[in-house]
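Visitor: I would like to learn how to read a protein model, step by step. Could you begin with the general idea each time and then turn to the case at hand?

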Amino acid sequence: MLVYLWFRFEMIYGVAAVVAVFHDTLITIGAFSLTNTDITLTVIAAILTLVGYSMNDTIVVFDRIRENIKIMRRETLGEVSIEASNQTLSRTILTSD
């Protein structure tokens, strides 16, 4: 995935996307660890689904950031990323059902 993102975007976006997915997965596995729940094949399938959705949403947000950087030249990177997140939030909620 890192190699694909490196070619699709820039290396920094690829690393950030992999860190974000790792973070999401680590929190989920940590929740299972804290609740002392068994990890079955269903849980592994759910974690892999989480990785897929997280990577997809990360790519969409990063693509929007790349587009907004060209449009919003006077804004800071933080403001651009907040705007990109707001623009993709409704899409994420509508497609997650």
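Guide: A nonpolar core is a set of buried Ala, Val, Leu, Ile, Met, Phe, Trp, Tyr and Cys residues joined through side-chain atoms within 4.5 Å, where buried means under 20% relative accessible area, exposed over 50%, and partly exposed in between, with a 1.4 Å probe and protein chains only. This is a predicted model, in which local features need pLDDT of at least 70 and side-chain atom pairs count only at pLDDT 80 or more, while totals for chains, interfaces and linings use all residues. Residues are numbered from 1 along each chain as its sequence is written, and side-chain values use heavy atoms, with hydrogens and water left out.

Visitor: Which residues have the most contacts inside the largest nonpolar core?

Guide: Contact means heavy atoms within 4.5 Å. In the largest core, which has 13 residues, Leu 5, Met 55 and Ile 65 have the most contacts. Helices (H or I, at least four residues) and strands (E, at least two) are DSSP runs, numbered from the N terminus; α2 (11-34), α3 (41-71) and α4 (77-95) each give two or more residues to this core, and α3 gives the most, with six.

Visitor: Is Thr 58 buried or exposed?

Guide: Thr 58, which lies in helix α3, counts as buried because its relative accessibility is 11%. Beyond its neighbours within four places in sequence, Thr 58 is in contact with Ala 17 and Ala 20.

Visitor: And is Asn 36 buried or exposed?

Guide: Asn 36, in the loop between α2 and α3, counts as exposed because its relative accessibility is 70%.
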